[in-house]
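I opened my notebook to jot down what I looked up here.

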Amino acid sequence: MLREWAVELLQILGDYGFLGITIGLMIEVIPSEIVLGYGGYLIAIGRISFFEALIAGVLGGTMAQLFLYWLGIYGGRPFFDRYGKYLFIQSKHLNAAESWFSRHGTIVIFTARFIPVIRHAISIPAGIARMPFYQFTVLTVAAMIPWTVLFLLIGIELENHWDQIGDYAAAYLRPIIGTALAVLLLYFLLKKWPLKRMSKNEK
């Protein structure tokens, strides 16, 4: 169950509909899946349309990641080593994100969005590495769309029990995480295979 303060905050945000969902995702005080689950509840009771909630989810989620991306550009790793705890980003999560980004490249900006622990922190090494803004934004939006749709639909189904979305969503997240890892592995193999063939031909 959610803490009382979180429920009260979501109810306040819910009064503002589209804007409330957007802000809730931007500030990330409450996990995005819970905010989106509440958005699904608002859809179910007719307070907001599915399209409005979808746009709010993608916009708010993307802006939150752009904020971390810009902090990565202008603050670098020293900023997060010092202030990361205030943004709910632990050093071990950032270390994992940096490792993923250095090994697999820009594709992880999409695939890592579906993987716990590093899904938020992955934007930071992208900023530190000065990944092109357009490429970062496109991959982030592409990941935010299915993520938003999934939790809005779960919230609609749960309706008054939306606060239990964390437990309910686990069954959905496992195959999503597996698929994201499979896509990453396939990309890695396809990227490395031509390089191996070239090196063999040169010998």
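This is a predicted model: local features need pLDDT of at least 70, side-chain atom pairs count only at pLDDT 80 or more; totals for chains, interfaces and linings use all residues.

I started with two tyrosines: tyrosine 38 and tyrosine 41 are both buried (buried is under 20% relative accessible area, exposed over 50%, partly exposed in between, with a 1.4 Å probe and protein chains only). They form a tilted aromatic pair, 5.5 Å centre to centre with 40° between the planes. For the terms, I noted that rings of Phe, Tyr and Trp (its six-membered ring) pair if their centres lie within 6.5 Å, and that planes under 30 degrees apart are stacked, over 60 edge-to-face and the rest tilted.

Next I looked at phenylalanine 79 and phenylalanine 80, an edge-to-face pair at 5.3 Å centre to centre and 85° between the planes. Phenylalanine 79 counts as partly exposed because its relative accessibility is 25%, whereas phenylalanine 80 is buried at 4%.

I also found one aromatic cluster, made of Tyr69, Trp70, Phe133 and Phe136.

Residues are numbered from 1 along each chain as its sequence is written, and side-chain values use heavy atoms, with hydrogens and water left out. The chain's mean pLDDT (the predictor's confidence in each residue, from 0 to 100) is 80, and 78% of its residues reach 70 or more.
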